[in-house]
Amino acid sequence: MQETIISSKKSWRMMLDELWDYREVFLFLGWRDILVHYRQTVIGVVWVLMRPLLTVAIFTIIFSRIAHIPSSGAPYPLVVFAAMLAWQFFADTLTYGSNSFVVNVELVSKVYFPRLILPASRILCSLVDFAIGFFFYLVLAVVRYHQLPSVKILWLPLFGIWLCLFSFVVSLLFATMIVRYRDFRHILPFVVQLGIYCTPVGFELSAVPVGLRYLLALNPLSAIINGFRYSLLSEPLYAGPLVVSVLVTIIAAVVAFTYFKKAEEHFADLI
Amino acid sequence: MKQIIVDHLSKTYEINAYAKRDMSFRELLLSQATSLFSRSVPTSIFYALDDVSFEVEEGEVLGIIGKNGSGKSTLLKILSKITMPTSGRAIIRGRVSSLLEVGTGFHAELTGRENIYLSGVILGMRRWEISQKFDEIVAFSGIEKFLEIPVKKYSSGMRLRLAFSIAAHLHSQILLIDEVLAVGDYEFEKKCIDSMGALGRQGRTIIFVSHQLQAVKKLCSRAMVLGKGVQQFIGAPADAIKAYLGVSTLSRSSMLWSEGGLSLGGVITLYSVKVVNSALQERETFDLDEKVTVELSYEVLDKQKELLAILFFYDETGTLLFSTSHLLHSYASDKTAKKSSVLCTIPENIFQEGAVSVGVSIFNRGDEGQMMDFDEATVFAEKEIVSFTMRQEDQPQFVLDETFWQEEKGKIKPRVNWRSAS
C-alpha cells in the first residue's frame, strides 16, 4: 500500500518518486496545451511557420544582403532557419513556461501534483511546434537548396535534449520568481526580445573572433545553435565555447532547482 | 487499519511575511534598502493550525466543522499536500483525491469529453480507469449530447453536473472534500449529499469539511470541531455539533445554551431560542392556522450598545422566506431583572406546509453615527438554530401530479377569500 508522509521537509528522492507517479498528469497537461494552442487558431500550422520564416527573411535581407555577413558556405537562409528552430523553441518555452504557475492558479491552489510538471509540460507543446518547423526546414533544404542532411544529423537529438533542458531550467527559474515577484512578468518579454541579439541567430560562430565566441558561450543557446548547424549544415563545432556553455547550463540547473525547491513549499500560500 | 494519522500538525504564518506576498520586486528592494536604516519590524506569528492530532480508521467518514478561519481548509490543504505544515506530520495510507472545488482542472476551450479525461487525471485517476468509467460518468452527468462541444458553451449547471460526476467516480480510497456541496442549488446539493453517503457506505475513508451542520450529522461517523486552529472536540457528530454551538440540549425546536449562556464579546449573553405556541409552550409542529412564536432569551451586558436581533426564516430548500428585526436594548434597559426575553409572533396562515428553520443574527449598531463594517458589526450569526414543521390538517388536496404540486404550490400559504362578484 502506498504510504505518504506529509511533513515540513521533503527530500529530492521523494520529489523524483512523485514525478514518476504523476507522469500522466504531465502528459495530459501537455496534451491540453497542445489542443488549446492549435484549436482556436484559424491558420493553425501556418502560424507556427510564419514567425520563423519572417525572421529568416528579415535576417537574410539585413545581414546577408545589406551587411554582407560572411557565411561558411551553407546557404544563408538555412543558417538562420536552423538557428531559429532552436531560438523559437527556447523563446516559446520561456514565455509560456514562465507564466505557467500564475496562469494555472486554480490548479496550484486547489489540487496537488508536483509543481515542476506545469512548466515541464509546456515543453511538449513547444516540441510539436518544433517538429512542424523542422519538417519545413527539411523541405526548404531539399527542395530549394538541394541539400540532403549528412550523417551528422544523428547528433541533432543530443543538442535537442540539451535545448529542452536549458529552456526548461530558464523557464523554471522565471516561473518561480514570478510567483513571488509579479514584475518579472513584465520583464520577461524584454529578456526574450533582447535575447535574440545575444544569440548567434543571424551569424555563424565562425564569423566572430575567438574571444567573442567565449563571451557568447555564456549563453548556452549559442553552443546549442552551433550544434544544430553542425548537425544540419556541417558548420565546425567549437569545443572550447561548448564546454563553457555546458558548465553554464549545469550551474543554471542547480540554481533553478534549488531555488524552486525552496520556494515550492510556499507556493500555495503565495500565489 | 488506521488510514490517516495526523501527528501534532501545526501551520504558522508570519503576519509580516504574509503581508509581503503581494510585494513586487521593486517594493522588496525598497524595503530592503529602508531596513538598512531602521530596525526590522517585529513579525507576529499566526497559528492557522495549532498542534492538531487525530486518526481516521479505514472506512470512516470524519466531519470537520468550525467557523471561517478556524483552520479547516488549512488542514485539508495540508493533507492534500497543497501546502506544507510548519511542524508535525501526517501519514496517509492509500491513494488520496482531494476535492477542494468542483471542476478543478477544467479548461474552458476543451470539450466535455476532453475535460473528463483532463480533470480525472488531475484529480488522481489513471487514464485506464477513466476510459473504463467514461460511459458511467457521462450518463450520471446527463450531458451526452454536449460531449463534443467546448465547456465554455455549457451552462453553469451543466458544468457543475459534469464536474461532480467526475468527482463521484473517483476511486481513491481516501477522499478529502471541502464545502463542495455549498456551490450548487438545492437539488444538486441533495444529489451530492446522497452520493457522498453512498461513497461512505462503500467503505471509502472520507474527510469532509463543512459548516453545514445537518450534512455533517447525516454523513459522518465522527466529527471534529476546530476553532482558531485548535482542535476543540472530536467524537460523535451530534456531540460535536453541540460543542460547536456551545449548547447543552439540542432539540429541533429549542436551543438552550449551557449554564451561564453564550457570552458574545461582552455585549450580550444568549440563553435560549425556542419555538413556542401562543400559550408559550414549546412545540415542534404547528397547523397552518396557528400562530408561531419564537422566543429569544438574553441579557444585554453593555447597555450603551444598540443591538439588533434579526430572525431569518428559511424553507426546507434553504430559501430565505423573510427576515424580521428588532432592537434589543430598549427592553433590557427598563427591566430590573437581568434576563430578558423577546417574543416574535408570526401570524397564522403565512407559512406553507413543510419544515421551516430559523436563523438568528445579532448586530451591534455601534455608537451613534459610527459606521461599522459588516463583520465588525456581527456579534452572532447562525443559520438553523431551531426549526419547526407546518402541517395542513385534514384538507383533501387536488389530485395532481405529485411533482407538479410540489413545484407549483409556492412559498407562502395565505388564507385567501374567493367569492362570487355578482
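1. Strand β1 of chain A is joined by 4 bridges to strand β4 (residues 87–93) of chain B, and the two strands run antiparallel. Within this pairing, Glu3(A) stands opposite Arg93(B) of β4(B). The model is a predicted one, and the points below should be read with that in mind.

2. In total, 31 residues of chain A are in contact with 39 residues of chain B. On the chain A side, the elements that give two or more residues are β1 (3–6), α2 (23–39), α6 (105–110) and α13 (267–270). Helix α2(A) gives the most, with 7 residues. Sorted by class, this side of chain A has 15 nonpolar, 10 charged and 6 polar residues.

3. What does chain A consist of in terms of secondary structure? The count comes to 13 helices and 1 strand. Read from the N terminus, the order of elements is β-α-α-α-α-α-α-α-α-α-α-α-α-α.

4. Along the principal axes, the C-alpha atoms of chain A fill a box of roughly 60 × 45 × 40 Å.

5. Two figures describe the inside of chain A. Buried residues make up 41% of its 271 residues. Of the contacts in chain A with a separation of 6 or more, 82% are between residues 24 or more positions apart.

6. One helix pair can be looked at in detail. Helix α8 (residues 156–180) and helix α9 (residues 184–195), both of chain A, pack with their axes 9 Å apart and at an angle of about 150°. Why are α8(A) and α9(A) described as roughly antiparallel? Angles over 145 degrees count as roughly antiparallel, and the angle here is about 150°, so the description applies to α8(A) and α9(A).

7. The residues behind that packing can be listed. From α8(A), the contact is made by Phe174(A), Met177(A) and Ile178(A). From α9(A), Phe184(A), Arg185(A) and Leu188(A) take part. By class, the residues of this contact are 5 nonpolar and 1 charged, with no polar residue.

How values were computed. Residues are numbered from 1 along each chain as its sequence is written. Chains are lettered from A and ligands numbered from 1 in the order in which they are written. This is a predicted model: local features need pLDDT of at least 70, side-chain atom pairs count only at pLDDT 80 or more; totals for chains, interfaces and linings use all residues. Axes are lines fitted to C-alpha atoms, for helices over the stretch in contact, and angles run from 0 to 180 degrees between N-to-C directions. Angles under 35 degrees count as roughly parallel, over 145 as roughly antiparallel, 65 to 115 as roughly perpendicular and the rest as oblique. Two residues are in contact if their C-beta atoms, placed from the backbone, lie within 7 Å. Ala, Val, Leu, Ile, Met, Phe, Trp, Tyr, Cys and Pro count as nonpolar, Asp, Glu, Lys and Arg as charged, and the others, Gly among them, as polar. A residue is buried if 20 or more other C-beta atoms lie within 10 Å of its own, exposed if 12 or fewer, and partly exposed in between; C-beta atoms are placed from the backbone. Two strands pair if DSSP finds at least two bridges between them.
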